[in-house]
Amino acid sequence: MQQLFPPPGPAAHPVDLAESYAYPPREAGPYLRANMVASLDGAARHEGRSAALSSAADMRIFGTLRALADVIVVGAETVRQEGYRPAKARAAFAERRAAAGQTPAPAVAVVSRRLDLDFTAPLYTAPSTPTLVLAGAGADPRRRAAAEAAGVRVVIAGEGEGVDPVRAVRELAALGLTRMLHEGGPRVLAQFAAAEVVDELCLTVSPFAVGGDAPRIMNGPGVAGPARFAPASVLEEDGFLFTRYVKRSEPQVTA
């Protein structure tokens, strides 16, 4: 893997992914990073899944981002389509996580409007760090009771049936989960972006064109503005580009 941006110096060292993707200090407050993959023609999936657009290097970065996070935020549809399982505790990151006061593995927080989830799946029955479900106060009380009976913690993050992204970030931060990693899917990520709570986008540009009618990485409400992000780094391996963009702070305009 090579670094394309910022330009490496004459004495460039091998890329250290943990350092390249380090979160800001916790004192800076909650930080939500999104990680997505897209084809050259903008598709977020091929034949319903993102795995076909990935690579070994992409999976290394995927694993690193998870190992650095406190919590992985993901939509219920993506959980079903991708067959989500509990996040793994990675031995290579054990000391780093312990020093940061983190659990051995990040929690998974599933965003669900209807709580129509399979609470017998390993994601809920066998995590090393308990799985959370983000739901609105108006969610079906029977499904909420089923979740809690299965040992799943339901975090209320909205007044109606849906989840308010701003409140979701606030509720997770109140649990000490300030280093957040959003893994989509496109509809849920668009909602979080429209709410202006996405601080960083890590986008893998896959060297494939797939055509079809697959969604983009954000496929939902529009972002006002639009929001401007600035490039932080670009890595490359085997034709895949691993880009990292951070939300740009606009300068204050004074009279």
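Trainee: Is Gly-48 buried, partly exposed or exposed?

Mentor: This is a predicted model, and in it Gly-48 is partly exposed, because its relative accessible area is 35%, which lies between the 20% under which a residue is called buried and the 50% over which a residue is called exposed.

Trainee: Where is Gly-48 found?

Mentor: Gly-48 is found in the loop between β2 and α2. Its C-alpha atom is separated by 11 Å from that of Gly-185, although the two residues are 137 residues apart along the chain.

Trainee: Let me switch to the sheet; what order do the strands have?

Mentor: It is an open sheet of 10 strands with mixed pairing, and the order is β1-β9-β10-β8-β2-β7-β3-β4-β5-β6. The edge strands are β1, residues 2–5, and β6, each of which pairs on one side only. On average, neighbouring strands of this sheet are turned by 25° against each other, with direction ignored.

Trainee: And what holds paired strands to each other in a sheet?

Mentor: In general, the strands of a sheet pair through backbone hydrogen bonds, and the pairing is either parallel or antiparallel.

Trainee: Which strands does β5 pair with, and how many bridges are there?

Mentor: On one hand, β5 is joined to strand β4, residues 107–111, by 3 bridges, and these two strands run parallel; on the other, β5 pairs with strand β6, residues 153–156, in the parallel sense over 4 bridges. Val-110 has Val-133 as its bridge partner in β5, while Leu-132 has Arg-153 and Ala-135 has Ile-156 as bridge partners in β6.

Trainee: Are the faces of β5 covered or open?

Mentor: Both faces of β5, residues 132–135, are covered, with Leu-132 and Leu-134 buried on one side and Val-133 and Ala-135 buried on the other.

Trainee: Which residues of α8 are buried, and what covers them?

Mentor: The buried residues of α8 are Pro-186, Val-188, Leu-189, Ala-190, Phe-192 and Ala-193. What covers them includes the strands β2, β3, β4 and β7, together with helix α7, residues 165–174.

Trainee: What follows α8?

Mentor: Glu-196 follows α8, and the phi of Glu-196 is positive, near 60°.

Trainee: New topic, then: what volume does the largest pocket have?

Mentor: The largest pocket has a volume of about 680 Å³. It is lined by 26 residues, of which Ser-50, Met-59, Phe-62, Glu-82 and Tyr-84 are the closest to its centre.

Trainee: Which element gives the most to that lining?

Mentor: Helix α2 gives the most to the lining of the largest pocket, with 4 residues. The elements that each supply at least two residues of this lining are β2, α2, residues 56–68, and α3, residues 76–82.

Trainee: How many cavities of 30 Å³ or more are there?

Mentor: The count comes to 2 cavities of 30 Å³ or more, and the largest cavity holds about 40 Å³ of space. Among the residues that line the largest cavity are Pro-86, Ala-87, Pro-106, Leu-123 and Thr-131.

Methods. Residues are numbered from 1 along each chain as its sequence is written. This is a predicted model: local features need pLDDT of at least 70, side-chain atom pairs count only at pLDDT 80 or more; totals for chains, interfaces and linings use all residues. Side-chain values use heavy atoms; hydrogens and water are left out. Buried means under 20% relative accessible area, exposed over 50%, partly exposed in between (1.4 Å probe, protein chains only). Two strands pair if DSSP finds at least two bridges between them. Axes are lines fitted to C-alpha atoms, for helices over the stretch in contact, and angles run from 0 to 180 degrees between N-to-C directions. Contact means heavy atoms within 4.5 Å. On a 1 Å grid over the protein atoms alone, a cavity is a set of points where a 1.4 Å probe fits but cannot get out, and a pocket is an open set with protein on both sides within 12 Å along at least five of seven lines; lining residues have an atom within 4 Å of a point. Grid points are joined across faces, edges and corners, and a volume is the space filled by probe spheres set on the points.
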